[in-house]
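Notebook open, structure loaded. I want to look up a few things and jot them down as I go.

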Amino acid sequence: MAARILPRVLPIASLSTLRSSSHIKSLSTLSINRFSVSFSSSVSSLFGIRRRRRILTEAPRCSEEWGVKKGFFAEQRGYRKLRRRAVKSKQKELELCVKICVEEQLPDDPETLDIAEVLRLNVPMAMKVAFDGLKDSEYKTRDPAIDDVGCFENVELSVLLCNDEFICKLNKDWRGEEHATDVLSMSQHIPELKLPILMMGDIVISVETAARQAAERGHTLLDEIRILVVHGLLHLLGFDHELSDEAEAEMEKEEELLLKSLGWKGKGLIQSAYTADEDNDISHIDVSTDRKKEGSLRFYRPKFSHIFCDVDGTLLNSKSRISEATAEALREVISRGVRVVIATGKTRPAVISLLKMVDLAGDGGIVSDSSPGVFVQGLLVYGRQGREICRRNLDPDVCREAFLYSVEHKVPLIAFSQDRCLTLVDHPLVDSLHTVYQEPKAEIMPSVEHLLASGDIQKVLFLDTVEGVKTTLRPYWSEVTTNRASVVQAQDDMLEIVPLGTSKGSGVKMLLDHLGVSAKEVMAIGDGENDVEMLELASLGVALSNGSDKAKAVADIIGTSNDEDGVADAIYRYAF
């Protein structure tokens with residue numbers, strides 16, 4: 001069973017610790033559907049004790065809107081026309097005061113806010129029916145500390161909607177169990193005080209877990225939350241299914257009766273849990289690793305407005321494909337308003353081709369001809385509407401020397417000219433750049449001079465063995481291009497020559513300035529030495545475990561590998 005009740009009398013010292021936290025929203029003049037958000041203090045709620053919090057405001061205790069004169073008394077009044085003055089009823093009116101609260105890290109999800117509005121009316125109804133069920137009840141296991149509610153002037157109850165992360169911390173702090181659950185009941189009633197107010201306490205519900213259970217059980221999120229409200233309410237009224245089999249049977253029966261009386265759909269939580277156990281369901285989700293569950297980002301606020309992501313070795317796995325898990329994470333993160341921006345050594349057409357395979361190219365996707373991005377190692381930067389805002393070209397003399405070297409030593413070389421790839425000879429490695437890495441098919445030029453005259457060259461790329469690059473190409477070109485160009489590697493079997501003083505990081509910086517975005521709003525994910533400057537620039541730099549030592553040395557976090565859906569893992573673990 002995932003639902004639990006906390007101790008009836010909570011230690012004052014522990015309460016003060018929770019009071020000093022800032023978990024509850026505290027906005028002041030914001031309209032949410034039909035609700036206003038206001039500051040409030042209450043002595044009846046664990047989450048309200050002298051703390052400002054975000055509350056979907058209930059009407060004043062005696063207002064018509066709450067239905068205090070529309071059926072929520074312990075006993076309704078009847079009215080009819082009489083010639084003589086009606087005798088006033090001496091029946092004491094019971095005020096039901098309910099606060100519906102939203103934890104501050106739970107985003108303003110429309111469905112959640114709509115449910116909060118419904119609960120504003122549903123919870124008092126459930127309380128009224130539950131109180132009626134206490135009259136003449138013959139339950140043997142229920143704690144009778146709350147029995148005759150008619151002896152109180154009013155009843156106070158708080159319902160808090162939160163996500164798994166919040167309820168997990170609460171579960172750990174108060175019960176010593178480090179996992180998320182669906183509902184916690186936190187009683188505030190102390191019978192010995194003989195107060196005129198019945199301070200029932202709090203019902204804390206994880207909307208995230210509720211959404212997962214609703215999907216598994218085939219009903220709506222509202223239906224599931226109503227079931228959790230009933231379960232939590234019965235706990236506060238003294239039922240506890242954990243005491244014994246008899247106590248469980250009594251609480252299960254009362255759950256079913258209460259749901260039926262209210263006309264709410266679904267089985268009681270106890271019966272639903274048994275059904276789930278029969279289906280080998282997991283009763284709770286472990287969130288102690290801080291990794292969010294797939295599909296759950298709607299219940300969290302993003303930490304960053306932009307995620308800059310490398311492609312080869314990062315977004316792509318070792319088979320040069322984007323896994324479905326990574327694609328789904330990208331869809332989910334952009335649906336939450338976070339902008340994913342490509343920062344790569346590849347050309348824009350190559351990236352569009354790769355993302356088109358997982359339906360993430362074009363309008364509503366990550367990359368298109370009209371979206372911002374950093375390409376060709378930061379040498380081509382596109383801003384708003386996909387317009388070019390920066391182009392850096394390689395020194396033609398360096399380019400000429402590189403191709404002469406290529407011909408003499410028979411090492412394949414490709415020149416990148418905006419959206420084109422140019423070369424002098426056909427070669428299997430040259431062809432692999434198109435078939436494996438989705439770069440534009442290389443055009444074979446008749447001579448070096450023809451190649452140089454065909455357009456501006458941003459960079460050249462040698463293709464060789466890992467050993468050939470390490471022992472021959474890199475040492476040689478690092479020396480001969482001193483003060484003229486720079487060498488960089490994105491792959492172990494490739495060496496790139498780029499304009500002096502340029503990097504992918506400088507391209508990212510230029511794009512951020514263009515967009516008016518601070519580096520503090522950016523998370524970056526990469527793997528190669530060409531990602532070093534970008535990882536250093538970002539507020540949070542994540543280098544995948546398959547990456548180079550240089551990238552991992554500057555990263556804030558080393559994530560899982562590209563073959564373990566490293567980008568998806570970084571999103572679910574760090575972006576929200």
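Before I call anything a strand pair, a reminder to myself: two strands pair if DSSP finds at least two bridges between them. Also for the record, this is a predicted model.

**Entry 1: strand β6 and its partners**

I started with β5, residues 95-102, and asked how it pairs with β6. The two are parallel, with eight bridges between them. I looked up one of those bridges: glutamate 95 has asparagine 154 of β6 as its partner. Then I traced the chain from β5 to β6. The path goes through helix α2, residues 110-134, and this β-α-β crossover is left-handed.

Next I checked β8, residues 197-206. I found nine bridges joining β8 to β6, again in the parallel sense. Here I noted that glutamate 156 is bridged to methionine 199 of β8.

Is β6 buried or exposed? I went through residues 154-162 with the cut-off for buried at under 20% relative accessible area. Nine of the nine residues are buried, so β6 is largely enclosed by the rest of the structure. I also sorted the residues by direction. Asn154, Glu156, Ser158, Leu160 and Cys162 point one way, while Val155, Leu157, Val159 and Leu161 point the other way, and all are buried.

**Entry 2: arginine 348**

I found arginine 348 in helix α10, which covers residues 348-356. Its relative accessibility is 10%, so I put arginine 348 down as buried. What does arginine 348 touch, leaving aside neighbours within four places in sequence? I listed Ser368, Asp369, Ser371, Phe375, Tyr382 and Gly386 as its contacts.

**Entry 3: cavities**

Which classes make up the lining of the largest cavity? I noted eight charged, six nonpolar and five polar residues.

**Entry 4: threonine 481**

Last stop was threonine 481, which I placed in the loop between α14 (466-480) and β18 (485-488). At 1% relative accessibility, threonine 481 counts as buried too. Setting aside neighbours within four places in sequence, I have threonine 481 in contact with Val398, Val487 and Ile497.

Key
Residues numbered from 1 in each chain as written. Predicted model: local features only at pLDDT ≥ 70, side-chain atom pairs only at ≥ 80, totals over all residues. Heavy atoms only, no water. Buried < 20%, exposed > 50% of the residue type's maximum accessible area, 1.4 Å probe, protein only. Helix = DSSP H or I, 4+ residues; strand = E, 2+ residues; numbered from the N terminus. Right-handed = clockwise from strand over helix to strand, strands pointing away. Contact = heavy atoms within 4.5 Å. Nonpolar A, V, L, I, M, F, W, Y, C, P; charged D, E, K, R; others polar.
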